[in-house]
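Me: I have a model open and would like to talk through its fold. Could we begin with the overall layout and then turn to the details?

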Amino acid sequence: MTRGEANRDLVSQALAATTRGGTVVIAGIHLSEIPTLNYENSLFYERDLRTVTANTRADGMAFLRIARNLALSPHITTYPFGAVDVALDDLRRGRASGSLVITVSE
């Protein structure tokens with residue numbers, strides 16, 4: 001299997017593993033063509049497929065400079081690795097806000 005074939009399979013597998021209302025985000029700078037999707041199997045039940053613009057390191061640095069000048073104040077909620085299930089439950093039930101971060105060590 002080539003890397004391109006693996007990419008195509010990965011997108012289809014990600015969509016198949018996504019539950020009702022879930023989102024698959026493709027953020028690859030280099031990605032082979034995605035095969036034709038079967039709507040019922042891949043996107044039905046409000047599953048969402050999104051892409052993001054591939055940015056370079058310089059783009060990221062420029063963004064951070066802008067963010068600093070805007071005095072943004074992000075809200076982060078951390079969960080220990082052993083509480084991933086709690087984080088997911090909080091997310092599902094709307095109890096989570098800001099960015100959820102899973103910490104691997106204390």
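**Fold and details**

Reply: From the N terminus on, the elements of the protein chain follow the order α-β-α-β-α-β-α-β. Please note that this is a predicted model.

Me: How many helices and strands are there in the protein chain?

Reply: The protein chain has four helices and four strands.

Me: And what percentage of the residues is buried?

Reply: Of the 106 residues in the protein chain, 13% are buried.

Me: Let us move to the strands. In which sense do strand 3 and strand 4 pair?

Reply: Strand 3 (residues 76-80) and strand 4 (residues 99-103) are paired in the parallel sense, over five bridges.

Me: Which residue of strand 4 stands opposite T77, and which one stands opposite T78?

Reply: T77 faces L100 across the pairing, while T78 stands opposite V101. In a regular strand, side chains alternate between the two faces of the sheet.

Me: Now helix 3. What span should its 13 residues have, and how far apart are its end C-alpha atoms?

Reply: Helix 3 covers residues 57-69, and at 1.5 Å a residue its 13 residues should span 18 Å. The end C-alpha atoms are 19 Å apart, which agrees with that expectation.

Me: How far is A17 from S42?

Reply: Their C-alpha atoms are separated by 9.4 Å, and A17 and S42 lie 25 residues apart along the chain.

Me: One more topic, pockets. What is the volume of the largest pocket, and which residues line the largest pocket?

Reply: The largest pocket has a volume of about 160 Å³. Its lining consists of T18, T19, R20, G21, G22, L88, L91 and R92.

Me: How does the lining of the largest pocket divide by class?

Reply: The lining of the largest pocket comprises two nonpolar, four polar and two charged residues.

Terms used. Residues numbered from 1 in each chain as written. Predicted model: local features only at pLDDT ≥ 70, side-chain atom pairs only at ≥ 80, totals over all residues. Heavy atoms only, no water. 1 Å grid on protein atoms, 1.4 Å probe; cavity = no way out; pocket = protein on both sides within 12 Å on 5 of 7 lines; lining within 4 Å. Points joined across faces, edges and corners; volume = space filled by probe spheres on them. Nonpolar A, V, L, I, M, F, W, Y, C, P; charged D, E, K, R; others polar. Helix = DSSP H or I, 4+ residues; strand = E, 2+ residues; numbered from the N terminus. Expected span 1.5 Å × (residues − 1). Pairing = 2+ DSSP bridges. Buried < 20%, exposed > 50% of the residue type's maximum accessible area, 1.4 Å probe, protein only.
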